[in-house]
Amino acid sequence: MIDKSELLAIGNDRLRRLATYASISVAIILIGAKLVAWFLTDSVAMLSSLLDSTIDLLSSLVTAYGVASALRPPDREHRFGHGKAEPLAALAQSAFIVGSSVLLGYEALSRFYHPHEIQNENTGYGVMALAVALTAVLVWFQHFVVHRTSSIAIHADRLHYVGDLVVNIAVAAAFALHQVTGMDWFDPVFALAIAAGLTFTAYRIAMRALHILMDHELPDEDRAKIRTIVEAQSSVHGLHDMRTRSDSDRAFMELHVEMDPQMSLRDAHAISDIIMVELQKAFPSADIIIHQDPAGLEEDRLDTQIARRI
């Protein structure tokens, strides 16, 4: 296993690729183990976990494609880059999760009317222990990668696997309760709870992806920080029509900075360069456009247009 010091030495792009390879590998291992366990136990909770791992594999493949696409540099047709491939992959993941939740809920409800006896609980325990261990390591690695790279696709994959961690523990609990009480209804009840949890996870993933795809503004605290950095320059008279967005790991900023109308273009450009340097210290991955405006200019500004609509 790679230790943390070795991870710190790996570049962000390679880390994102490694995270996708790790999630695909874990999903394949767990599908094989859970398929055997389901045949041996005939548990709907185990079936739910197997189905979830199958969806994990599909989601991880989509994530790998999204990350690989997002890492491609800007080209003639995509001058802003390909960063929105990641939220698109995250949105596809949420659709996979909802689909698996619907199928799982249907199967769980059918077991209330046609209960099946769980068999070979010890096999189920062993497979769940393997699943919990592998998933916990993967979630830790994904958390590290998300913290380093801010990748929304890997963040979505991590949320999915955090849900899996709960799923695997819930399946083990269903086995334990059945073993202690002999009651069959714990199995479908846990499966329904898992389906509900997965649906909530899909909602969280979809909302964050849609925010990026719809060019949602950066958080208010980030916008306040941008304004503070710009207005700290003594030559700046004001700031207006600030627009911000992100595409996953990069922020995009457009600013109208007001300066002395008698200032030369060369001096205005030099001040803009200083502002860009300071902004990139606070937002290292930012893509920044600064428009220099003469202070006191009367114009129909975007800020005014938005204020009129509120």
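A crossover between two strands is called right-handed if, with the strands pointing away from the viewer, the path from the first strand over the helix to the second runs clockwise. In the predicted model described here, strand E2, helix H9 (residues 265–282) and strand E3 make a β-α-β unit of this right-handed kind.

Within this unit, E2 and E3 (residues 287–294) pair in the parallel sense over eight bridges, and His256 has His291 in E3 as its bridge partner. Strand E2 also pairs with strand E1 (residues 236–246), here in the antiparallel sense and over eight bridges, with Thr244 standing opposite Met253 of E2. Seven of the nine residues of E2 (residues 251–259) are buried, so this strand is largely enclosed by the rest of the structure.

Side chains of opposite charge can pair when their charged atoms come close, and the structure holds 11 salt bridges. One of them joins the side chains of Arg16 and Glu86, with an N to O distance of 2.2 Å; because Arg16 belongs to helix H2 (residues 12–41) and Glu86 to helix H4 (residues 85–113), the pair ties together parts that are 70 residues apart in sequence. Arg16 counts as buried at 3% relative accessibility, and Glu86 likewise counts as buried, at 0%.

Glu299, which is partly exposed with a relative accessible area of 35%, forms a salt bridge with Arg301 in which the closest N and O atoms are 3.7 Å apart. Arg308, exposed at 57% relative accessibility, forms a salt bridge with Asp300 at 3.5 Å between the closest N and O atoms.

How values were computed
Residues numbered from 1 in each chain as written. Predicted model: local features only at pLDDT ≥ 70, side-chain atom pairs only at ≥ 80, totals over all residues. Heavy atoms only, no water. Buried < 20%, exposed > 50% of the residue type's maximum accessible area, 1.4 Å probe, protein only. Helix = DSSP H or I, 4+ residues; strand = E, 2+ residues; numbered from the N terminus. Pairing = 2+ DSSP bridges. Salt bridge = Lys/Arg side-chain N within 4 Å of Asp/Glu carboxyl O.
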